Amino acid sequence: MSVVSLLGVKILNNPAPFDAKYQFEITFECLEPLQKDLEWKLTYVGSATSSEHDQELDSLLVGPIPVGVNKFIFEADSPDLKRIPTSEILGVTVILLSCSYDDREFVRVGYYVNNEYDNEEMNDDPPAKPIIERVRRNVLAEKPRVTRFAIKWDTEDSAPAEFPPEQPEADTVEDDGTTYGAEEAELETAEVEAEATEAVKQDGEDEEMGGAEDTSGPAAVKADDQESDAGSEDLEAESSGSEDEEIEEEEGENEGNEDMEMDEDGESAAQTAGKESSMQGQHQGEVMVH
């Protein structure tokens with residue numbers, strides 16, 4: 001928990017000429033008495049490609065700090081043009097307002113700054129050598145970027161943890177060494193099985209294509225039969241009458257055969273009766289002779 005909290009920053013002179021001083025109204029809150037002063041600092045970023053051109057515009061020690069809400073005005077000089085590359089005087093850059101306690105930074109506020117001429121003609125066609133008297137700066141105060149850091153204040157209890165908290169349950173968790181690479185191995189196995197399945201499918205398709213020559217004949221005949229179905233309907237209709245006649249003739253022949261079989265059965269029955277009577281006559285004769 002931070003002992004000092006930044007509540008607000010207001011830029012008093014904005015926009016302003018490039019060589020004018022920076023003026024900030026800073027409001028902060030202190031939760032407990034501090035043994036040392038707060039150090040406020042303003043830094044101008046002279047180049048976006050190298051930190052060598054950064055320059056500290058001003059710094060201020062504030063203290064002793066009473067408990068509660070505090071407010072003060074912080075003024076800083078404009079940047080030194082000799083330390084800024086000529087090609088980067090105009091355009092967008094950054095200023096950083098920071099505060100430290102006992103050489104430990106705990107808050108930083110960054111602002112974008114746009115430096116341009118005060119008329120459109122010079123902005124469209126800027127002179128080779130910048131005319132600083134015509135350059136104005138505009139700080140984008142509505143969009144600050146605030147970064148906070150946990151630091152040690154006056155007591156050890158306020159110091160941030162240097163190591164992560166103890167986690168006794170971590171000893172019961174399965175070691176990563178036993179499961180390391182298990183998922184990759186499963187994926188590799190699945191890929192190998194998929195490739196094998198595709199190979200088998202391709203072999204099966206090759207075999208079916210190979211046997212296509214043998215089955216092409218019947219398939220063609222079947223197609224020809226289907227094509228000739230339409231033309232054979234009339235023939236079937238014409239031949240239906242002859243088929244009926246043939247069926248009637250066959251039924252007549254069957255009836256004749258049955259009559260013949262009946263006649264033959266009658267003759268055989270008569271012959272059998274005659275034989276039996278003759279046999280009885282013979283038997284009677286034999287009895288009578290006796």
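Q: Among contacts in the protein between residues at least 6 apart in sequence, what percentage join residues at least 24 apart?
A: This is a predicted model, in which local features need pLDDT of at least 70 and side-chain atom pairs count only at pLDDT 80 or more, whereas totals for chains, interfaces and linings use all residues. Residues are numbered from 1 along each chain as its sequence is written, and side-chain values use heavy atoms, with hydrogens and water left out. If contact is taken to mean heavy atoms within 4.5 Å, the percentage that join residues at least 24 apart is 63%.

Q: How many helices and strands does the protein have?
A: Both are DSSP runs numbered from the N terminus, helices being H or I with at least four residues and strands E with at least two. Read along the sequence, these elements follow the pattern β-β-β-β-β-β-β-β-α-β-β-α-α-α. The protein accordingly has four helices and ten strands.

Q: What percentage of the 290 residues in the protein is buried?
A: Buried means under 20% relative accessible area, exposed over 50% and partly exposed in between, with a 1.4 Å probe and protein chains only. T43 in strand β4 counts as buried, with a relative accessible area of 18%. Across the 290 residues of the protein, the buried ones make up 21%.

Q: Which strands stand at the edges of the open sheet of three strands?
A: The strands of this sheet have the order β1-β3-β6, with antiparallel pairing, where two strands pair if DSSP finds at least two bridges between them. Each edge strand has a single partner strand, so one side of each is left without a neighbour in the sheet; these strands are β1 (4–11) and β6 (68–76).

Q: Which residue in β6 stands opposite E29?
A: Nine bridges join β3 to β6, and the two strands run antiparallel. Opposite E29, the residue in β6 is V69.

Q: How is the pair of F28 and W40 classed by the angle of its planes?
A: Rings of Phe, Tyr and Trp (its six-membered ring) pair if their centres lie within 6.5 Å, and planes under 30 degrees apart count as stacked, over 60 as edge-to-face and the rest as tilted. The ring centres of F28 and W40 are 6.0 Å apart and their planes stand at 45 degrees, so the class is tilted.

Q: Which residues form one aromatic cluster?
A: F28 is buried at 1% relative accessibility, and W40 is buried as well, with a relative accessible area of 2%. The aromatic cluster is formed by F28, W40 and F72.

Q: How many residues apart in sequence are the parts tied together by Y101 and W153?
A: Y101 and W153, both of which are buried, form a tilted aromatic pair with 5.2 Å from centre to centre and 35 degrees between the planes. Y101 lies in strand β7 (residues 91–101) and W153 in the loop between β10 (145–148) and α2 (176–179), so the pair ties together parts whose separation in residues is 52.

Q: Which residue in β9 is the bridge partner of E116?
A: Five bridges join strand β8 (residues 104–117) to β9, and these strands run antiparallel. The bridge partner of E116 in β9 is R136.
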